[in-house]
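Let's take a friendly walk through this protein model together. Have the structure open beside you as you read.

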Amino acid sequence: MSAKAYDLAVIGSGPGGHAAAVSSAQLGARVLIVEKNGWGGTCTNCGCVPTKALLACSRSFAELGKLKRLGISATGSFDFSAMKRHQNQIVRTAVLGVRKSLEDSGAEMRQGLARIVSAGQVEITSEKSVERIEARNILIAWGGKPQIPAGWEISGRMLNSDGFLDLQELPASVAIIGGGVIGLEFATFLSQLGAKVSIIEFMDRILPCEEPEASAFLDKELRKSGVDIYCSSRVENIAPGRDSVRLKIFRSDETMEITSAYALICTGRKAALNTEELDLIGIAHNKKAITVDAAMMTNIAGIYAVGDVTGGALLAHRAARQGKALAHRLFGDGSVKYQDIALPYVCYTAPNIARVGLIESEAKSLYPGLERISFEYAANTYARIELKANGFGKLLFGEDRLVGATLAGADAAEMIAPLGLAVANGLGKAEFKKWIIAHPTLSEMINPL
């Protein structure tokens with residue numbers, strides 16, 4: 001291999017590729033990162049960042065209703081076009097941030113389509129040229145894409161999350177197909193702004209992978225905000241029209257119809273696999289994900305994969321940690337690790353649902369003497385002060401170590417972080433008893449010992 005070969009060629013600049021490139025370059029490696037579309041990948045351009053920007057707008061509008069209780073008179077209206085400007089500005093800034101961090105790290109950046117030719121070689125096609133480069137290590141970070149049921153077509157009145165984020169006017173009504181995190185976050189945004197929302201979920205509850213109590217809690221809160229939720233239901237037929245879309249729903253031997261301005265398909269995401277390229281090189285996969293070992297290496301030495309293309313939880317922070325851990329394994333001391341057990345899951349609804357580690361049913365099967373400690377937001381002084389007293393949490397201790405935690409309530413997305421640190425480091429009751437948290441804060445509730 002040429003002496004001028006890169007130490008690492010990264011294909012894709014989403015959270016996984018970005019983290020791997022920046023960390024590797026900071027550790028002294030010669031790095032090339034190639035992006036075919038928008039820098040920052042799905043998360044930055046049409047995922048985490050724009051959706052949270054919109055939720056910040058709707059949450060602020062919804063919280064105007066609390067002001068009277070605090071002795072403040074306020075009436076409010078909203079400008080959807082201004083919300084869209086906020087969304088777009090946040091995305092532009094985030095993209096610039098990705099580019100700047102790569103530039104500051106010393107990684108080389110190319111815009112174009114990268115194709116792995118063989119172990120150690122990548123071909124880059126841009127508007128002006130086709131170039132072949134050599135790299136001692138290659139990282140596949142292709143990311144993911146919306147998963148659409150077979151036979152359904154995204155067009156007109158049928159949208160996926162990408163299409164929804166491109167809307168320039170707030171729909172009067174939306175039927176959301178899928179009661180997972182993505183669908184529920186869009187339901188929160190829409191309902192907070194007064195749109196009529198229906199959720200159709202095939203499973204027997206929304207957020208089926210989370211604690212049943214958390215699912216039931218959020219179900220109740222969404223219904224209170226006017227959202228209609230149909231669980232154990234399947235869509236039999238979708239008939240898009242010029243101004244609306246009609247859905248035929250089957251549930252418990254009953255057929256019903258829902259008519260909305262749009263149908264928003266939120267049936268999950270899947271790995272963005274170029275199986276033809278993988279097969280030509282001989283990289284092992286199961287058509288759903290690339291097969292990797294504990295070191296994130298494929299079956300071909302020197303070719304690695306991180307993030308959504310490896311299956312599992314398709315989360316930005318999972319990909320980022322995998323990318324950083326890989327960089328430190330290849331060019332550092334290997335001290336940065338990735339552990340599935342420490343991965344936090346967050347649903348940015350109102351209120352938030354957040355969890356790290358095991359849910360109770362999983363923990364019980366592994367730890368016969370499992371101890372559960374529950375608490376209520378209403379018992380927390382600061383939650384009452386801030387009018388955030390609706391919610392609960394629970395900690396799961398197995399063999400005296402924290403093995404799982406769930407929070408359902410305001411700011412749960414922020415408060416799950418220290419509990420993730422505890423799970424990652426196997427902290428137990430002895431460590432919790434040394435932990436002093438400022439008073440009054442919401443965080444006091446997460447250490448009831």
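In α4, the buried residues are Phe80, Met83, Lys84, Gln87, Val91, Val95, Val98, Leu102 and Ser105. Here buried means under 20% relative accessible area, with exposed over 50% and partly exposed in between (1.4 Å probe, protein chains only). You are looking at a predicted model, where local features need pLDDT of at least 70, side-chain atom pairs count only at pLDDT 80 or more, and totals for chains, interfaces and linings use all residues. Residues are numbered from 1 along each chain as its sequence is written, and side-chain values use heavy atoms, with hydrogens and water left out.

**Helix α4**

- Helices (H or I, at least four residues) and strands (E, at least two) are DSSP runs, numbered from the N terminus.
- An α-helix has 3.6 residues a turn, so residues three or four places apart point the same way.
- How far apart are the end C-alpha atoms of α4 (residues 80–105)? They are 38 Å apart, which agrees with the 38 Å that its 26 residues should span at 1.5 Å a residue; the expected span is 1.5 Å times one less than the number of residues.

- Strands of a sheet pair through backbone hydrogen bonds, either parallel or antiparallel.
- Three strands, in the order β4-β5-β6, form an open sheet with antiparallel pairing; two strands pair if DSSP finds at least two bridges between them.
- At the edges are β4 (113–118) and β6 (130–134), each of which pairs on one side only.
- From one strand to the next, the twist averages 25°, with axes being lines fitted to C-alpha atoms (for helices over the stretch in contact) and angles running from 0 to 180 degrees between N-to-C directions.
- Five bridges join β4 and β5 (residues 121–125) in the antiparallel sense.
- Which residue in β5 stands opposite Ile116? Look for Val122.

**The five-stranded sheet**

- A second sheet to find is open and antiparallel, with five strands in the order β19-β20-β23-β22-β21.
- Its edge strands are β19 (344–347) and β21 (371–376), and each pairs on one side only.
- Neighbouring strands of this sheet are turned by 10° against each other on average, direction ignored.
- β19 pairs with β20 (residues 352–357) over four bridges in the antiparallel sense.
- The bridge partner of Val346 in β20 is Ala354.
- Phe397 belongs to strand β22 (residues 392–398), and Phe397 counts as buried because its relative accessibility is 2%.
- Phe397 and Val423 are 26 residues apart along the chain, and their C-alpha atoms are separated by 9.9 Å.

**Cavities**

- A cavity is a set of points on a 1 Å grid over the protein atoms alone where a 1.4 Å probe fits but cannot get out, and lining residues have an atom within 4 Å of a point.
- Grid points are joined across faces, edges and corners, and a volume is the space filled by probe spheres set on the points.
- How many cavities of 30 Å³ or more does a search of the whole structure find? There are two.
- The largest cavity holds about 50 Å³ of space, and its lining includes Pro146, Ser161, Ile182 and Arg269.
- The second largest cavity has a volume of about 40 Å³, and among its lining residues are Thr51, Phe164 and Phe189.
- Helices α3 (48–62) and α6 (181–192) each supply at least two residues of the lining of the second largest cavity.

Conventions. 1 Å grid on protein atoms, 1.4 Å probe; cavity = no way out; pocket = protein on both sides within 12 Å on 5 of 7 lines; lining within 4 Å.
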